[in-house]
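Welcome! Please take a moment with the sequence and the 3D view below, and then we can walk through a few parts together.

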Amino acid sequence: MENSSAGRREIVRESYSARSQEYTDLFGSMESTHPSDRALVTSWAASLTGPVLDAGCGPGQWTDFLAQCGLAVSGIDLVPQFVERARAQFPDLSFDIGGFEALDAEADSLGGVLSWYSLIHHNPQDIEAPLAEFARVIRPGGGLLVGFFEGAAVEPFDHAATTGYRWPVAELSRVLATAGFEVVETHTRTGSGYRPHGAISARRRSGENT
């Protein structure tokens with residue numbers, strides 16, 4: 001069970017539920033985000049039309065940020081405590097509990113999906129399932145922005161909540177292409193006191209639905 005995708009989701013849910021207040025205190029505000037990340041998300045948001053999903057919204061800070069960018073946005077997260085906090089803090093926005101493997105959205109219905117560090121706990125062999133679901137719901141030409149821990153190889157590491165995975169930009173770009181996306185741009189950042197960061201902006205290819 002522990003090695004199945006459903007088992008992993010339950011481990012992630014329980015791990016973050018136990019640390020939801022700590023996580024919110026540390027990372028649940030835009031002040032805790034890097035200025036270059038805010039600039040990247042702002043420019044990405046400006047390229048989108050139509051509704052947007054914040055997949056793995058946590059306590060909702062990025063969802064609200066996208067709304068402030070003028071987008072019709074909703075959030076989804078596995079962790080009930082995060083969704084409860086997001087609903088309380090941002091009552092004008094919509095938040096739901098759930099995973100990414102079976103989204104409650106019609107095919108080709110979204111202008112974009114933000115997946116900011118929300119795929120970091122997926123086993124490499126399981127990551128194609130949520131990416132395929134993102135490709136299903138994003139309209140052709142729509143955008144996907146993924147934030148992740150960057151590394152020289154696909155490998156696990158001891159994350160504070162539960163096992164996370166590093167990805168080389170080139171390898172995650174390849175997986176995105178297999179899922180039906182065209183990579184638009186990539187970003188990496190290193191610095192003292194945090195793990196190397198990666199981000200990939202991609203566009204759903206026209207004429208494909210996985």
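## Two packed helices

Helix H6 (residues 128-137) packs with helix H7 (residues 169-179) at an angle of about 50°, and their axes lie 9 Å apart. Helices here are DSSP runs of H or I with at least four residues, strands are runs of E with at least two, and both are numbered from the N terminus. Axes are lines fitted to C-alpha atoms over the stretch in contact, with angles from 0 to 180 degrees between N-to-C directions.

H6 and H7 are therefore oblique to each other (under 35 degrees would count as roughly parallel, over 145 as roughly antiparallel, 65 to 115 as roughly perpendicular, and the rest is oblique). On the H6 side, Glu128, Leu131, Ala132 and Ala135 meet Val175, Leu176 and Ala179 of H7, where contact means heavy atoms within 4.5 Å.

## About the model

This is a predicted model, in which local features need pLDDT of at least 70 and side-chain atom pairs pLDDT 80 or more, while totals for chains, interfaces and linings use all residues. Residues are numbered from 1 along each chain as its sequence is written, and side-chain values use heavy atoms, leaving out hydrogens and water.

S4 pairs with strand S1 (residues 52-55) in the parallel sense over three bridges; two strands pair if DSSP finds at least two bridges between them. Asp54 has Leu114 in S4 as its bridge partner. S4 also pairs with strand S5 (residues 138-150), in the parallel sense over six bridges.
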